[in-house]
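Subject: Structure handover

Hello,

Here is the structure we talked about. Please open it next to this message, and read the notes below with the model on screen.

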Amino acid sequence: MRNMIARMGLILLLTVVVGANGCLEDKVIQIVLTDETFVDFTEFHTSANWTTPLTLNYGDSIRQILEDNEISEEDSLVSARLVSAFYGTLELIRGTDREISGQITVQRTDISGPAQPIIDYSSVSLPGVLNQKILADLNAAGVALLDQALADFIDGANPILEFRVENGSVTPTPPTVQDPLEFTWRAWLNIQVIIQSEIEDVWDPF
Amino acid sequence: MHLRGHFLKALGLVLLISTLAAPASAQITDQLSAYTGVNAEGFLNPLAEAFGVNLNDAFYYSADIPRSGLKLSFEIVVMGFLFDDEDRTFQATTEGGFAPQQTVEAPTIVGSGEALTVNGNAMTSFAFPGGLGLNSFGLAAPQLRFGSIMGTEGLVRFFTMEAGDSEVGDLTLFGLGARHSISQYLPSPVSLSVGAMWQSFKVGDDFIDASAFTLGVQASKRFSLLEPFAGFSYDRFAMDVEFESKASGPTEKLAIEFDADNTARLTLGLALHFFIGHGYGSYSISGSNNFSFGVALGK
């Protein structure tokens with residue numbers, strides 16, 4: 001009897017331990033990938049009003065974010081949204097002790113549609129934002145366009161964007177042929193991509 | 001032979017369990033990349049607590065330590081921690097220049113797998129990553145108990161493995177403990193002992209670096225095959241985590257230090273002695289509640 005109880009006890013304990021094998025569960029989890037993409041503008045102007053266009057293959061940018069995080073396009077992309085945007089000057093070359101005001105617009109070139117304002121900038125001191133990342137005032141129309149582009153990417157499109165700097169004024173003195181304005185600057189887009197992923201064999205034993 | 005087969009299967013399971021940290025850990029590093037320090041700490045906190053409570057468990061199942069004689073047993077112990085509802089969310093704050101800044105109840109690492117999204121100015125949005133949706137957290141470990149010299153026994157807890165994922169790295173658990181019989185000096189109706197154990201748990205070079213320490217007294221009384229036991233201990237646990245964050249744009253390496261957590265623990269359990277070893281189960285009451293069970297083969 002004593003031996004039998006002892007054997008039963010051992011078997012029970014081992015069964016509990018071995019039974020834990022059935023506690024491996026597949027879990028579905030939404031992963032948030034946060035990354036940024038940017039566009040660089042090179043400016044050389046002899047007047048206060050200028051337009052600088054720059055094309056960004058948004059599809060390639062998102063693919064790069066996925067690749068950096070070892071995520072394939074076959075994984076379940078749930079959504080992608082713009083979180084914030086920043087800007088700052090990278091290099092001050094000539095006549096840059098000035099402030100500029102204007103806006104940046106964005107337009108899809110892979111499909112038809114109007115340009116939408118996305119970033120407004122007002123009285124930005126060029127030396128004051130050198131090597132800085134200044135949080136941009138975003139415009140809802142432009143953000144909606146970017147978010148739609150991200151949604152289209154998830155649906156298989158390859159969005160191409162054209163950003164246009166549309167400068168309105170330069171103070172205290174506008175640039176001239178004799179006193180041109182030359183600098184480079186960058187706009188960053190902070191993006192989040194949500195992936196739905198299944199993780200196999202997570203131990204959730206009890 | 002039949003029992004030996006079960007034992008080998010159980011041992012195989014312990015090794016399997018230790019490999020399971022790899023896929024989950026890889027996801028943890030992904031999820032952490034969306035956060036910087038404060039959010040990352042809140043996100044991981046329930047797991048840190050479970051680690052600490054579990055590591056400091058399964059140290060003993062009896063206070064009866066012979067004054068001398070050979071004592072050697074190979075043990076497999078399983079420590080379990082059940083998460084409460086309050087472990088599933090934490091106060092998280094938006095990051096990455098998102099405006100306006102908002103603080104919401106977001107999933108922790110053990111919370112819902114669904115990401116939580118909040119809306120901001122100009123149709124922007126910010127998403128907090130989902131958790132692993134865990135109900136419990138378990139640790140299994142092999143350990144070797146040996147003695148007795150002057151009523152003292154030692155314990156070594158150890159396993160190491162290569163996770164097979166360069167993002168996570170190797171896992172190593174190493175612990176040393178010792179207990180000393182008090183009842184050999186005192187006339188007592190029950191066996192009494194004191195003991196301490198230190199452990200180190202590392203994942204990767206720097207991903208997780210945790211240490212645990214427990215110091216306590218134990219009492220037990222044997223009735224034939226059964227031996228109820230109890231213990232009271234002072235536990236300490238600290239954990240450092242290093243991870244890569246992209247929350248602020250470019251990748252940056254961040255470190256979180258979970259401050260050393262000191263807790264008192266009361267443990268109640270029952271051991272069963274059989275012809276080739278011992279089995280036991282226990283329940284502990286501290287800041288959180290957890291349990292453990294195990295089997296020891298040997299004297």
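B:T214 sits in strand β10 (residues 208-220) of chain B. Helices (H or I, at least four residues) and strands (E, at least two) are DSSP runs, numbered from the N terminus. B:T214 is buried, because 24 other C-beta atoms lie within 10 Å. The cut-offs: a residue is buried with 20 or more other C-beta atoms within 10 Å of its own, exposed with 12 or fewer, and partly exposed in between, with C-beta atoms placed from the backbone. Leaving out residues up to four places away in sequence, B:T214 touches B:N56, B:F59, B:A196, B:M197, B:S233 and B:D235. A contact here means that two C-beta atoms, placed from the backbone, lie within 7 Å. B:A264 is 50 residues from B:T214 in sequence, and their C-alpha atoms are 9.4 Å apart.

A word on the source. This is a predicted model, in which local features need pLDDT of at least 70 and side-chain atom pairs count only at pLDDT 80 or more, while totals for chains, interfaces and linings use all residues. Residues are numbered from 1 along each chain as its sequence is written, and chains are lettered from A and ligands numbered from 1 in the order in which they are written.

The two chains

Chain A has three helices and nine strands. From the N terminus, its elements run α-β-β-α-β-β-β-β-β-α-β-β. Of its 206 residues, 38% are buried. Take the chain A contacts between residues at least 6 apart in sequence: 85% of them join residues at least 24 apart.

Chain B has two helices and 14 strands. Of its 299 residues, 48% are buried. For contacts in chain B between residues at least 6 apart in sequence, 59% join residues at least 24 apart.

Helix α2 of chain A

Start with residues 58-68 of chain A, which form helix α2. Its buried residues are A:Y58, A:S61, A:I62, A:I65 and A:L66. They span an arc of only 140° around the axis, so they are on the same side of α2(A). That arc is taken from the directions from the helix axis to the C-beta atoms. A:E67 and A:D68 are exposed on the other side of α2(A). Just after α2(A), A:E70 has a positive phi of about 55°.

What does α2(A) pack against, and at what angle? Its partner is helix α3 (residues 140-154) of chain A, at an angle of about 70° and with the axes 10 Å apart. Axes are lines fitted to C-alpha atoms, for helices over the stretch in contact, and angles run from 0 to 180 degrees between N-to-C directions. The angle makes α2(A) roughly perpendicular to α3(A). By definition, under 35 degrees is roughly parallel, over 145 roughly antiparallel, 65 to 115 roughly perpendicular, and the rest oblique. At this crossing, A:Y58, A:G59 and A:I62 of α2(A) meet A:A149, A:L150 and A:F153 of α3(A).

The nonpolar core

The largest nonpolar core has 110 residues. Such a core is a set of buried Ala, Val, Leu, Ile, Met, Phe, Trp, Tyr and Cys residues joined through C-beta atoms within 7 Å. A:I62, A:A85, A:I119, A:V193, B:L47 and B:F51 touch the most other members. Strand β9 (residues 181-203) of chain A gives the largest share, 11 residues. Not counting residues up to four places away in sequence, B:L47 touches B:I109, B:V110 and B:F137.

Backbone points to check

Two peptide bonds deserve a look. The bond from B:A99 to B:P100 is cis, with omega near -5°. B:P100 is in the loop between β2 (89-93) and β3 (103-107) of chain B. The bond from B:G147 to B:S148 is also cis, with omega near -10°. B:S148 is in strand β6 (residues 136-149) of chain B.

Then come positive phi values. A:N131, not a glycine, has phi near 55°. A:N131 is in the loop between β5 (116-125) and β6 (134-135) of chain A. With 8 C-beta neighbours inside 10 Å, A:N131 is exposed. B:M150 also has phi near 55°. B:M150 is in the loop between β6 and β7 (152-161) of chain B, and is exposed, with 11 other C-beta atoms within 10 Å.

Best wishes
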